[in-house]
Amino acid sequence: MNAMLETPELPAVFDGVKLAAVAAVLYVIVRCLNLKSPTAPPDLYFQDSGLSRFLLKSCPLLTKEYIPPLIWGKSGHIQTALYGKMGRVRSPHPYGHRKFITMSDGATSTFDLFEPLAEHCVGDDVTMVICPGIANHSEKQYIRTFVDYAQKNGYRCAVLNHLGALPNIELTSPRMFTYGCTWEFGAMVNYIKKTYPQTQLVVVGFSLGGNIVCKYLGETQANQEKVLCCVSVCQGYSALRAQETFMQWDQCRRFYNFLMADNMKKIILSHRQALFGDHVKKPQSLEDTDLSRLYTATSLMQIDDNVMRKFHGYNSLKEYYEEESCMRYLHRIYVPLMLVNAADDPLVHESLLTIPKSLSEKRENVMFVLPLHGGHLGFFEGSVLFPEPLTWMDKLVVEYANAICQWERNKSQCSDTEQMEAEFE
């Protein structure tokens, strides 16, 4: 009787199917999480000079391997998604003062000012002027984390709030921030120079902010006065060249494009009355039909073509992207410039990285830093699963700024010594 109740043995082929399914799942996990990718120091592109040799000695992060969290940190998509959704882990809340500047066209620009919490490593007064990424502001977690760390290293920080990005600040003119408009950033920098005449500046830009700060510095030599150095993180350098890659499904860029376009639509529509109201004196090229096109837009390019370029009177999207991109201004920057991108950034196509590589081969003041991992503004660090509050990016920017401050101090001391020796002779 017992023999009749026994479960018959399953064919061996069934065990084979289970093993194959498990193997397939593991293979997909390994590929998606990029677990087989090695950890390594970032690739560095620079010309051999006294400055570059000093930076390599003074910035250990440039030569040490960047180690992201073991389980997920080698996936550029997960790094990017965590930055976009979570920002940072256990983000601090630095205390600052909000400043308001009335622009010549009636727009009200704002920035937040944070005083240093410690003495600077060289004892000087140094201010970081910071431009956040697209539609970002000083209240974003990745900005708060970076500002808190910079304050504790002796830096005053001024953070631009992109025009229209703060939900509680109304627009006072029919204009929002655009891809390369430097007016608000320039107004913030001028305020800092006037209010703190003894301060020196470290210019920092994240993503879209990187484009703005580089364009600002290259627009005129006067904009580089009192600037010690500039750091740009995760920008794309040329909107004209990037637009084609943003419409491709490779690395899910078309999907990211849709998500960012949807966010931009929400921001623009939240200022509908200020931008499109009947009482508003709109740019001549901006028509009511552009609002209806905005509702159906599924890409940043459509929004830029129908709305954003018209804020500044550009005749075409091509003209807008050519004029607003920093690529044509980079060669006019003479202060030390560090450009940082991640090789696995799903938003910045690898073809765009030829721009900073080529620049670093021609200019002694430029260093291009390219780690294997980090995604778009992720750069999380950690052991296995949980990331640390501070990222590799936060530490690298401050470390580089400290090194440049020390470099300038050494140059000044050498100059004083040479002058004294000349007078003695």
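Predicted model: local features only at pLDDT ≥ 70, side-chain atom pairs only at ≥ 80, totals over all residues.
**Second pocket**

I started with the second largest pocket, which holds about 260 Å³ of space. Of the 16 residues lining this pocket, Q251, A343, D344, D345 and P346 are the closest to its centre. I sorted the lining by class and got 4 nonpolar, 6 polar and 6 charged residues.

**Largest pocket**

Next I looked up the largest pocket, and its volume came out at about 1,200 Å³. It has 49 lining residues, and the closest to the centre are Y83, I134, M260, L347 and H376. Which elements give two or more residues to this lining? I found helices α4 (76-85), α5 (141-152), α7 (208-219), α8 (239-246), α9, α12 and α13 (317-324). Helix α9 supplies the largest share, 9 residues. By class I have 29 nonpolar, 15 polar and 5 charged residues here.

**Cavities**

The largest cavity has a volume of about 70 Å³. Its lining takes in T108, S109 and T110, then the run N161, H162, L163, G164, A165 and L166, and finally I169, E170 and L171. Strand β3 (residues 108-114) gives the largest share of that lining, with 3 residues. I noted 5 nonpolar, 6 polar and 1 charged residues around this cavity.

The second largest cavity comes to about 50 Å³. Helix α3 has the largest share, 3 residues. The classes split into 5 nonpolar, 4 polar and 1 charged.

**Helix α11**

Last stop was helix α11 (residues 288-296). Which of its residues are buried? I got D290, L291 and L294. They sit on the same side of α11, because the arc they cover around the axis is only 105 degrees. On the other side of α11, I found D288 and T296 exposed. I also checked what the buried residues of α11 pack against, and noted α9 (253-270), α10 (272-276) and α12 (300-306).

Notes: Residues numbered from 1 in each chain as written. Heavy atoms only, no water. 1 Å grid on protein atoms, 1.4 Å probe; cavity = no way out; pocket = protein on both sides within 12 Å on 5 of 7 lines; lining within 4 Å. Points joined across faces, edges and corners; volume = space filled by probe spheres on them. Helix = DSSP H or I, 4+ residues; strand = E, 2+ residues; numbered from the N terminus. Nonpolar A, V, L, I, M, F, W, Y, C, P; charged D, E, K, R; others polar. Buried < 20%, exposed > 50% of the residue type's maximum accessible area, 1.4 Å probe, protein only. Arc of directions from axis to C-beta. Contact = heavy atoms within 4.5 Å.
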